[in-house]
Amino acid sequence: MPWNDNANPGPWGSPPSGDDDGRDNRPPRRPTGGPRGPRRPDGGPDFSAQFDRINERLRRFFGGPGGDGVRPGAVAAVAGIAFALWAVSGFYVVQPHEQAVVTTFGRFSRVELPGLRYHLPAPIERVEKVGVTNLNQSMVGGSNRGDLPEESLMLTGDENIVDLDFAVTWRVSEADKFVFNVRDQDAAVKAVAESAMREVVGKTPLTDILTTGRGRVQAQAAELMQRTLDYWNSGVTVVEVQIRSANPPAEVVAAFREVATAGQDAESAINEANTYRNRVVNEAKGDASRIVQAAQAYREQSVREALGDAARFNQIYNEYSRAPGVTRERLYIETMQRVLEKSNKVVIDSQGASAPIILPPDVFRPRAGTAATAPAAPVQQQAAPAAAEQGAQR
């Protein structure tokens, strides 16, 4: 569109008057000062002319051959563009942690997995995305904002009252059941959790809940919750039930703390007694085993020594049967050697001796490792009885 077209003026209005070719025949104006910017047009933008031009173009585009009516091709083009935009609106993306539930005119159609997906645009099909890997948590009995007695106070199996707060961790396992079978899913899970916990607590004594039975209570409540949610076809999986706090009512907290302390002391005493019993029993078993082993060793030693003595006696008897004199003399010599081996006595053959024999004093000193004997007699008095004894044996 040329801006010098008089029929279609530019955005700043009609061009200045002049020749038909649109050129300005006025002489140029001399500059009177320094450099200046572009000359400002005489008037502001002519919005009415712009609107007129747009209306003219639309009239020519939609108008028929005679300028009346609507051109069929224009209607088809507009309809095609609108249909294309409507068809493209059916593309959507399912994130890795999500599943998409597709409904056709409000009725369940299918479940789409993560990725780029397509559905017939609204109002034919609609899509609802559900997070299936996210862990959701429902608090029962209280939260960071405060305690809720109407939820936390429960009756135990022994007809006591416990103030119990717990949390339920759950996730969506089946997106279609989660969307269609349960209304207000968070409130439904919380109601099931509270009901299941009250049933389990109503069968459990207060002492077990306050001391060592929390794990069993949590497991039973989670199992009961899962059975109820499965019966409802809710598409919810219970991951964990965790008791955050379990206390008796405020009026009797001190008494219950004393009971808990006494129970812990009793448990400690039992553990110490078991430790002492195990130590004493193990020591007694060790002593008994050592005594038995020592007796068995003594028995084995005695048997072996007896067998050795019997074998040696048999050997000596066989030798004595062959040569009685030689065997008798050998036995005498060996016996005297064992008897006199650690003795300070000196045996001297007195036959043919005419003068007294004098021996050094060191001969009669006690040997190392032997006990001292009675004072030694003179050699003359000791030698004669020894010789007489030797002659008597021969």
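**Glutamine 226 and its surroundings**

Apart from neighbours within four places in sequence, glutamine 226 is in contact with Val236, Thr237 and Val238. The model is a predicted one, and glutamine 226 has its place in helix α7.

**Position of the residue**

- Is glutamine 226 buried or exposed? Its relative accessible area is 18%, and a residue under 20% counts as buried, so glutamine 226 is buried.
- Between the C-alpha atoms of glutamine 226 and valine 192 the distance is 9.1 Å, while 34 residues separate the two in sequence.

**Helices α5 and α7**

- Helix α5 covers residues 185-201 and helix α7 covers residues 214-232.
- The two helices pack with their axes 9 Å apart, at an angle of about 135°.
- The crossing of α5 and α7 is right-handed.
- On the α5 side, the residues that meet α7 are Ala188, Val189, Val192, Ala193, Ala196, Met197, Glu199 and Val200.
- On the α7 side, their counterparts are Val217, Gln220, Ala221, Leu224, Met225, Thr228, Leu229 and Trp232.
- The residues of this contact of α5 with α7 comprise 13 nonpolar, two polar and one charged.

**Helices α8 and α9**

- Helix α8 runs over residues 253-322, and helix α9 over residues 324-340.
- Their axes come within 5 Å and cross at roughly 135°, and α8 and α9 are therefore oblique to each other.
- From α8, the contact involves Ile316, Glu319, Tyr320, Ser321 and Arg322; from α9, it involves Pro324, Thr327, Arg328 and Leu331.
- By type, the residues of the contact of α8 with α9 are four nonpolar, two polar and three charged.

**The protein as a whole**

- The protein contains 10 helices and 11 strands.
- Of its 394 residues, 22% are buried.
- Among contacts in the protein with a separation of 6 or more, 63% are between residues 24 or more positions apart.

Note on methods:
Residues numbered from 1 in each chain as written. Predicted model: local features only at pLDDT ≥ 70, side-chain atom pairs only at ≥ 80, totals over all residues. Heavy atoms only, no water. Helix = DSSP H or I, 4+ residues; strand = E, 2+ residues; numbered from the N terminus. Buried < 20%, exposed > 50% of the residue type's maximum accessible area, 1.4 Å probe, protein only. Contact = heavy atoms within 4.5 Å. Axes fitted to C-alpha atoms, helices over the stretch in contact; angles between N-to-C directions. Left-handed = near helix turned anticlockwise from the far one by under 90°. Nonpolar A, V, L, I, M, F, W, Y, C, P; charged D, E, K, R; others polar. Parallel < 35°, antiparallel > 145°, perpendicular 65-115°, else oblique.
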